[in-house]
Amino acid sequence: MGRKINEDKYGISDRRYKELVYFCLQYREWKKWLKDNTGRPAGCPGDMLPKGKGGHSDPVAALAIKRQKLLCKCRALEMAAEEASPLLAKYIIKHVTDGNITYRYLSMVLNMPCSKKKYYEARRKFFWILDKKI
């Protein structure tokens, strides 16, 4: 889960921080779902769109609504990383969306251009911004 957030400085409780961490860990699932669900719902031929009248479900609308919700979540995470540090945004996203990525990996393998202290400060700022966005 990484380093804790200073609640006095950021106003994020330990439980809220954990909630934000698990929110971020779902990012890859959302991206995969969005990639896999771009067209019509299964069983919905192109010339026979559901009408949604009389209490019947509308799978096309349901798909569109779910896509929009997931896109908004992904954008919130991406924008929070960008606002926290444009230079480190891609590293922050990689770290917070994969529970196994370490600072050492980011630094040594991906050649992240900053110190450990600077990175973790940007990461804490990311969680503070994300908390405000969601």
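Predicted model: local features only at pLDDT ≥ 70, side-chain atom pairs only at ≥ 80, totals over all residues.
View 1. Residues making the contact (heavy atoms within 4.5 Å) include L77 and A80 of α4 and F126 and I129 of α7.

**View 2. The buried residues of α3 are Y27, W30 and L34.** They lie on the same side of α3, because they cover an arc of only 65° around the axis, whereas E29, K32 and K35 on the other side are exposed. Buried means under 20% relative accessible area and exposed over 50%, with a 1.4 Å probe and protein chains only. The buried residues pack against α2 (14–25), α4 (59–84) and α5 (89–97).

**View 3. A polar contact of 2.4 Å joins the side chains of Y27 and E78.** Such a contact is a pair of N or O atoms within 3.5 Å, one able to donate a hydrogen and the other to accept it. Y27 and E78 are 51 residues apart in sequence, yet their C-alpha atoms are 9.8 Å apart in space. Y27 has 9% relative accessibility and therefore counts as buried.

Residues are numbered from 1 along each chain as its sequence is written, and side-chain values use heavy atoms, without hydrogens and water. Local features need pLDDT of at least 70, side-chain atom pairs count only at pLDDT 80 or more, and totals for chains, interfaces and linings use all residues.

Notes
Helix = DSSP H or I, 4+ residues; strand = E, 2+ residues; numbered from the N terminus. Arc of directions from axis to C-beta.
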